[in-house]
Amino acid sequence: MSALIRTPFGFASTAGEVAAGIDLTGRRAVVTGASSGIGVETARALAGTGAEVTLAVRDTAAGERAAKDITGSTGNRALRVTRLDLADPASVAQFTAAWRGPLHILVNNAGVMACPEQHTPQGRELQFATNHLGHFALATGLHSALAADGAARIVVVSSTGHQSSPVVFDDVDFAFRAYDPWLAYGQSKTANVLFAVEATRRWADDGITANALMPGAIYTNLQRHTGGRGSGKVPAELIKTTEQGAATSVLLATSPLLEGIGGRYFVDCNETETVDRRSGTLGGVARYALDPDNARRLWTLSEELLAGAA
């Protein structure tokens, strides 16, 4: 097993600090869910490096406001706002079909958390559909654009919540199990990590790498279904600002230390250890979330589910 990746950054580092001194002029990035929360700060830090950034959002009015704010703080006018509803396969297909030219950085940031039981018109459980399937369709739809670069990076925002549940392959949509919002969330976040593992394996010859991360505990719109305070179990001293919460995403998107590195899971700007039991902390990645057999099985299942939605 290779050594864990260590960087000069940590818990308190901000996205701006991580991106300082990095020049991405001429590079193109897409950030999903970039109209609020850590998505805005991820997009801001990437814009600060000179990259052209597309804010892929459900609410384009909110996206335009975010883009204007980012331009005001960075001076970068190369920002685009494009509508994307990850729970809607047609919306994802429209986004990918309209993309032109290479793509250097894809940040799969958007998500929902612990929402009441809902299913898409295609019958998919909403958290799995939004957090995993939509991003899977986005990345595979943009594969040729990512491959055009020869060294593209995919950044996948997961969560320590993945330790709540593996992917239950025989019942991803809770057709038989009693629905539990945290189990559904955990399953979708495990799927995020497994996607990074398999994308890196499948697309290695294209120079594409994918890594997953836990951004930390941050109070954002993600907590709208939980009273604004997430699980409510995180000590106050472990709560991050949105600028700190975006730091690990920006590190994986920009740092020279991550060149050629993929299929790994990071917390607080550093690769975290593999665990076989719930760690009781915000660190650690469950072994099942890095398992290559699980990753291949999920990829096949995802293709089948999307084919059925077409």
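# Overall form and selected local features

With 310 residues, the protein chain would have a radius of gyration near 19 Å if it were a compact globule, and its value of 18 Å agrees with that. The model described here is a predicted one. Along the principal axes, the C-alpha trace of the protein chain spans about 50 × 45 × 40 Å.

The secondary structure of the protein chain consists of 11 helices and 12 strands. Of its 310 residues, 55% count as buried. Among contacts in the protein chain with a separation of 6 or more, 76% are between residues 24 or more positions apart.

## Helix α2 and its partners

Helix α2 covers residues 37-48, and helix α9 covers residues 247-254. Helix α3 is made of residues 60-74. The table lists how α2 packs with α9 and with α3.

| Helix pair | Angle between axes | Distance between axes |
|---|---|---|
| α2 and α9 | about 40° | 9 Å |
| α2 and α3 | about 40° | 10 Å |

How does α2 lie relative to α9: parallel, perpendicular or oblique? Angles under 35 degrees count as roughly parallel and those of 65 to 115 as roughly perpendicular. The angle of about 40° between α2 and α9 therefore makes α2 oblique to α9. The crossing of α2 and α9 is right-handed. On the α2 side, the contact is made by Thr42, Ala45 and Leu46, and on the α9 side by Ser249, Val250, Ala253 and Thr254. These residues of the contact of α2 with α9 comprise four nonpolar, three polar and no charged.

For the other pair, the packing angle of about 40° makes α2 oblique to α3. The crossing of α2 and α3 is right-handed. Helix α2 contributes Val40, Ala43, Arg44, Ala47 and Gly48 to this contact, while α3 contributes Ala66, Asp69, Ile70, Ser73 and Thr74. Sorted by type, the residues of the contact of α2 with α3 are five nonpolar, three polar and two charged.

## The loop between β9 and β10

Strand β9 (265-267) and strand β10 (270-271) have a loop between them, and aspartate 268 is in that loop. Cysteine 269 also has its place in the loop between β9 and β10. Most residues other than glycine have a negative phi. Aspartate 268, however, has a positive phi, near 50°, and the phi of cysteine 269 is also positive, near 70°.

Which of the terms buried, partly exposed or exposed applies to aspartate 268? Buried means under 20% relative accessible area, and exposed means over 50%. Aspartate 268 has 23% relative accessibility, so aspartate 268 counts as partly exposed. Cysteine 269 has 0% relative accessibility and therefore counts as buried.

## Threonine 96

Threonine 96 is placed in helix α4, which covers residues 89-98. Because its relative accessible area is 16%, threonine 96 is buried.

Which residues does threonine 96 contact, leaving aside its neighbours within four places in sequence? They are Ala137, Leu138, Gly141 and Leu142. In sequence, threonine 96 and leucine 142 are 46 residues apart, whereas in space they are 5.8 Å apart, C-alpha to C-alpha.

Methods:
Residues numbered from 1 in each chain as written. Predicted model: local features only at pLDDT ≥ 70, side-chain atom pairs only at ≥ 80, totals over all residues. Heavy atoms only, no water. Axes fitted to C-alpha atoms, helices over the stretch in contact; angles between N-to-C directions. Helix = DSSP H or I, 4+ residues; strand = E, 2+ residues; numbered from the N terminus. Parallel < 35°, antiparallel > 145°, perpendicular 65-115°, else oblique. Left-handed = near helix turned anticlockwise from the far one by under 90°. Contact = heavy atoms within 4.5 Å. Nonpolar A, V, L, I, M, F, W, Y, C, P; charged D, E, K, R; others polar. Rg over C-alpha atoms; globule rule 2.2 N^0.38 Å. Buried < 20%, exposed > 50% of the residue type's maximum accessible area, 1.4 Å probe, protein only.
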